[in-house]
Amino acid sequence: MHSIPVSKPKIGAVFTLPVIVASLGYFVDVYDLLLFNIVRVPSLKELGLSEEEISRIGANIYNWQQAGLLIGGFMWGILGDKMGRRSVLFGSILTYSLANIACGFTHNIEMYALLRFIAGLGLAGELGAGITLIAEILPRELRGYGASVVASVGLAGAIAAFFAVKLTDWRTAYFIGGGMGLVLLVLRFNVLESSVFNKSLEKRGGSRVPWWTLFTSWSRFVRYLRCMGIGLPTYMVIGIYSTFGNEFAKALGIAEEVQAGTCVLYTYIGVVTGDFFSGILSQWLRSRRKAILVMLTMTLAGVGWLLYGGIKSAEVLYVCYVWLGFSIGYIAMFLTTTAEQFGTNLRATATTSVANNVRATVLITLPLFQLLKPSAGVLHSGAIVGVICFSLALLSLWKMEETYGKELDYEEL
């Protein structure tokens with residue numbers, strides 16, 4: 001008897017409604033997440049704050065948004081493992097869309113801070129739930145492609161946010177973000193729940209593994225820390241090297257005026273293409289670990305170029321930021337890897353909280369950078385923070401389980 005060959009899934013299977021909707025959701029997520037950073041100065045100036053108050057109160061409002069992300073990462077993740085990935089996709093986008101529309105109407109600083117907290121709370125659920133859903137619905141041979149599509153479409157939201165602010169005023173930019181979210185909410189009514197989650201729910205019945213066992217079980221805790229560790233360089237590049245691009249330019253002796261916003265824009269142009277590339281690379285190498293190692297090595301080379309490569313012109317600096325953006329373009333890949341590291345009953349909690357915890361590491365790396373600057377200078381301070389982040393990332397990757405092609409229909413016991 002001849003065995004019947006098993007047909008492999010075709011690449012077209014990636015372009016399903018859940019993948020498209022998750023991609024558009026991440027687009028709106030990134031747009032809204034970065035919007036306050038872009039409109040911070042003009043919005044607070046219009047609300048009557050002085051230059052000193054804009055710096056101090058603006059940082060305080062940003063911290064409220066980050067607090068929302070941290071709390072929301074666990075809140076939505078736990079909800080996703082209890083009630084389903086689809087429920088998070090509905091609840092998160094409704095929360096941050098309404099909060100962003102309300103930001104466009106605000107005339108009060110305290111209310112502005114509260115609304116950014118609520119927006120952060122909502123934004124926390126988007127990427128983790130989307131990545132978890134597509135990891136469970138796509139054939140295992142195509143999960144890397146799905147991550148590429150979500151990331152490349154999603155991160156274009158950063159570019160859209162910059163142009164929205166350039167072409168309109170800050171209030172209209174908030175209305176655009178909230179409006180896009182509400183339109184996408186309607187599209188999500190046709191997205192079905194993950195069959196892997198539904199099967200898991202039936203098997204579990206009334207018994208659940210509490211979410212806090214991510215931290216009380218040594219095996220899970222180590223897996224969790226490794227997933228966070230491999231993502232550290234991504235938001236270090238965005239939160240320090242790009243956000244303070246004007247300071248790095250000055251330290252390098254570049255004569256032309258370099259605006260930090262332009263550095264961030266070029267970085268995100270690189271991220272869009274890099275995230276698409278990293279997913280394809282992991283498929284080609286048939287390995288998540290090897291693909292992430294390649295991207296980490298490229299990022300390390302880019303940081304060396306930025307800090308000690310003798311850059312003397314704004315044009316070359318912007319090219320360097322495109323390279324750095326491309327190299328850290330494994331954001332969706334490390335979250336897909338996170339989803340593959342955990343069983344169905346804790347997958348959403350792990351993936352969603354890791355996504356936001358890595359974003360929030362800037363709250364540690366940035367103060368360290370600022371603390372070192374007076375004595376070590378901008379370039380050496382950047383290098384010290386970089387050494388710490390890359391050491392932790394490589395250490396995390398070293399013994400991480402390879403999850404390419406891993407079957408995800410299993411439970412944490």
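**Entry 1: helix α15**

I start with a cut-off: a residue counts as buried when its relative accessible area is under 20%. I also note that this is a predicted model.

With that in hand I looked up helix α15, which covers residues 331-341. How many of the residues of α15 are buried? I found 11 of the 11. So the helix is largely enclosed by the rest of the structure. I went through the names as well: I331, A332, M333, F334, L335 and T336 are buried. T337, T338, A339, E340 and Q341 are buried too.

What does T336 touch, leaving out residues up to four places away in sequence? I listed I131, A147 and R288.

**Entry 2: helices α1 and α7**

I turned to a pair of helices. Two packed helices are described by the angle between their axes and the distance between the axes. I looked up both values for α1 (residues 17-46) and α7 (residues 170-187). The axes come within 9 Å. They cross at roughly 165°. An angle over 145 degrees counts as roughly antiparallel, and α1 and α7 are therefore roughly antiparallel to each other. Is the crossing of α1 and α7 left-handed or right-handed? I noted left-handed.

I then sorted the residues of the contact of α1 with α7. I got 16 nonpolar, five polar and three charged.

**Entry 3: aromatic rings**

Next I went to the rings. I counted 19 aromatic pairs in the structure. A pair of aromatic rings is described by the distance of the centres and the angle of the planes.

One of the pairs is Y112 with Y174. I read 6.3 Å centre to centre and 80° between the planes. That pair is edge-to-face. Where do the partners lie? Y112 is in helix α4 (residues 109-123), and Y174 is in helix α7. The pair therefore ties together parts that are 62 residues apart in sequence. I checked accessibility for each ring. Y112 has a relative accessible area of 0%, so I call it buried. Y174 is also at 0%, and it counts as buried.

Another pair took me back to α15, where F334 is one of the buried residues. F334 forms an aromatic pair with Y330. I read 6.3 Å between the centres and 65° between the planes. This pair is edge-to-face. Both Y330 and F334 are buried.

I also found an aromatic cluster. Its members are F74, W211, W212, F215, W218, F221 and Y224.

I placed N357 in helix α16, residues 347-360. Buried or exposed for N357? At 12% relative accessibility, N357 counts as buried.

**Entry 4: L121, back in α4**

Last, I looked up L121 in helix α4. At 16% relative accessibility, L121 counts as buried. Which residues does L121 touch, not counting residues up to four places away in sequence? I wrote down G68, L69, I71, G72, M75 and W76. I also took one C-alpha separation: 7.4 Å from L121 to Y96. Along the chain, L121 and Y96 are 25 residues apart.

Notes:
Residues numbered from 1 in each chain as written. Predicted model: local features only at pLDDT ≥ 70, side-chain atom pairs only at ≥ 80, totals over all residues. Heavy atoms only, no water. Buried < 20%, exposed > 50% of the residue type's maximum accessible area, 1.4 Å probe, protein only. Helix = DSSP H or I, 4+ residues; strand = E, 2+ residues; numbered from the N terminus. Axes fitted to C-alpha atoms, helices over the stretch in contact; angles between N-to-C directions. Parallel < 35°, antiparallel > 145°, perpendicular 65-115°, else oblique. Left-handed = near helix turned anticlockwise from the far one by under 90°. Nonpolar A, V, L, I, M, F, W, Y, C, P; charged D, E, K, R; others polar. Contact = heavy atoms within 4.5 Å. Phe/Tyr/Trp six-rings, centres within 6.5 Å; stacked < 30°, edge-to-face > 60°.
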